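Hi,

Here is the structure I promised to send over. Could you have a look when you get a moment?

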Amino acid sequence: MEITTEHSVIIAHTLTATKQTISVAESSTAGLISAALLGVPGASAYYGGGAIIYTMRARRKLLDLSKEQLNSQTPLTEDYVTLCAERIKARLKTTWGLAELGATGPAGTPYGHPPGIAVLALVGPVNLTTKIETGHGDRERNMDFFKTAAIKLLVEGLEKYQVSVKNLRK
């Protein structure tokens, strides 16, 4: 699925209609996820804020994580990215938190991960995680692919939430 403006409009409408908000912590996508969410007029009704957590210092300061907490994490794992999503959600007091950690390339990580790998987490009324691998080190393509995967994860979470709410009303 290619992410289009229509997807952002659907997300915006869904969040606004349900009076929900989202915050984003992203690393290798460098703001592309937030840009996709902010591209819709009226985004201030649902977008609580975002942070680029590209460096450990940024993660410490923006997510209020101690060095000990960060050092205890295994790089590029679903547990680690879930922690980031939980922290941005809590810090900005939003309904949903969406986080991304990845290696876009052209080189791999200092921890031995190849380029083209990312982990994503959505936390809130529905919790989802995913790990993706593109198999290449094209930085720009990977950044776009990771952004698209994050938006897909958000759409999936919102859809699951709406289904669960409909089932509760029956």
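This is a predicted model: local features need pLDDT of at least 70, side-chain atom pairs count only at pLDDT 80 or more; totals for chains, interfaces and linings use all residues.

Let me start with the peptide bonds. The one that runs from Gly105 to Pro106 is cis, and its omega is near 10°. You will find Pro106 in the loop that links strand E3 (96-103) to strand E4 (117-123).

Ala30 is not a glycine, yet its phi is positive, at about 50°. Ala30 sits in the loop between strand E1 (22-26) and helix H2 (32-38). Its relative accessibility is 46%, so Ala30 counts as partly exposed.

Leu76 is also not a glycine, and it has a positive phi of about 50°. The loop holding Leu76 runs between helix H4 (67-71) and helix H5 (78-92). Is Leu76 buried or exposed? Leu76 counts as buried, because its relative accessibility is 8% and the cut-off for buried is under 20%.

Finally, a word on Asn71, which belongs to helix H4. With a relative accessibility of 67%, Asn71 counts as exposed, since exposed means over 50%. I also looked at Asn71 together with Met56: 15 residues separate the two in sequence, and their C-alpha atoms are 9.7 Å apart in space.

Best wishes

Methods
Residues are numbered from 1 along each chain as its sequence is written. Side-chain values use heavy atoms; hydrogens and water are left out. Helices (H or I, at least four residues) and strands (E, at least two) are DSSP runs, numbered from the N terminus. Buried means under 20% relative accessible area, exposed over 50%, partly exposed in between (1.4 Å probe, protein chains only).
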